Amino acid sequence: MGISDEFGKFGAKLKNVNWSVSAENTDGELVVSLWKHFFEPPEDGKIRYVDSVTRWSGHGNKEFKERLAKAYDNQQVVRAVIARTSDENAVRRGEDASKLKNSFGAKLDWVGVVSHWDGDNFIIEFEREAHNA
């Protein structure tokens, strides 16, 4: 699915579909698009995403950085849309990923929090939500 459709599954609307990678939903949660290849193997029931904002640039970076800082300061709930790309190395180099072949998938059962933020490097820790029958 496209990024807008996947954000919509969380009730979030991107400011600009061409460059936004984060949005808040009507529940006050932060919804973010995160590259699959920056996730660490699950450990202790947590799924960790580790990255830095200076790795890439572009219009969406400033918006993402501001939202990440707010989420960290307020311990805001974070929801994930996983991005997969045709060229992981281009993403690692910080190239314009909008020019690549990408796909997106919402992780509806993941709930997270920004556990580390130093103004550049960040970690978002996710756990699977327990569903009551």
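**Figure 1. S52 belongs to strand β3.** Strands (E, at least two residues) and helices (H or I, at least four residues) are DSSP runs, numbered from the N terminus. The model is predicted: local features need pLDDT of at least 70, side-chain atom pairs count only at pLDDT 80 or more, and totals for chains, interfaces and linings use all residues. Residues are numbered from 1 along each chain as its sequence is written, and side-chain values use heavy atoms, with hydrogens and water left out. Although S52 and D120 are 68 residues apart along the chain, their C-alpha atoms are separated by 5.1 Å. Contact means heavy atoms within 4.5 Å. Leaving aside neighbours within four places in sequence, S52 is in contact with D120, N121 and F122.

**Figure 2. I124 and F126 touch the most other members of the largest nonpolar core, which has 36 residues.** A nonpolar core is a set of buried Ala, Val, Leu, Ile, Met, Phe, Trp, Tyr and Cys residues joined through side-chain atoms within 4.5 Å. Two or more residues of this core come from each of α1 (3-8), β2 (30-35), β3 (47-52), α2 (59-74), β4 (78-85), β5 (102-106), β6 (110-117) and β7 (121-128). In soluble globular proteins, nonpolar side chains tend to be buried together. Not counting residues up to four places away in sequence, F126 touches L34, F39, G45, K46, I47, V78, R79, A80, W110, V111 and G112.

**Figure 3. Strand β4 pairs with β2 and with β5.** Two strands pair if DSSP finds at least two bridges between them. The pairing of β2 with β4 is parallel, over six bridges, and L34 has I82 in β4 as its bridge partner. The pairing of β4 with β5 is antiparallel, over five bridges; here the bridge partner of A83 is F104 in β5. Because seven of the eight residues of β4 are buried, this strand is largely enclosed by the rest of the structure.

**Figure 4. H37 lies in the loop between β2 and β3.** H37 counts as buried because its relative accessible area is 16%. Apart from its neighbours within four places in sequence, H37 is in contact with T85, E88, V91 and R92.

**Figure 5. The largest pocket holds about 640 Å³ of space.** Of its 29 lining residues, W19, V21, W35, A97 and S98 are the closest to its centre. On a 1 Å grid over the protein atoms alone, a pocket is an open set of points with protein on both sides within 12 Å along at least five of seven lines, whereas in a cavity a 1.4 Å probe fits but cannot get out; lining residues have an atom within 4 Å of a point. Grid points are joined across faces, edges and corners, and the volume is the space filled by probe spheres set on the points. At least two lining residues are supplied by each of β2, β3, α2 and β5. The lining comprises 14 nonpolar, 11 polar and four charged residues. Here Ala, Val, Leu, Ile, Met, Phe, Trp, Tyr, Cys and Pro count as nonpolar, Asp, Glu, Lys and Arg as charged, and the others, Gly among them, as polar.

**Figure 6. D44 has a positive phi of about 55°, and Q75 has one of about 50°.** Most residues other than glycine have a negative phi. D44 is in the loop between β2 and β3 and counts as exposed because its relative accessibility is 69%. Q75 is in the loop between α2 and β4 and counts as partly exposed, at 49% relative accessibility.

Terms used. Buried < 20%, exposed > 50% of the residue type's maximum accessible area, 1.4 Å probe, protein only.
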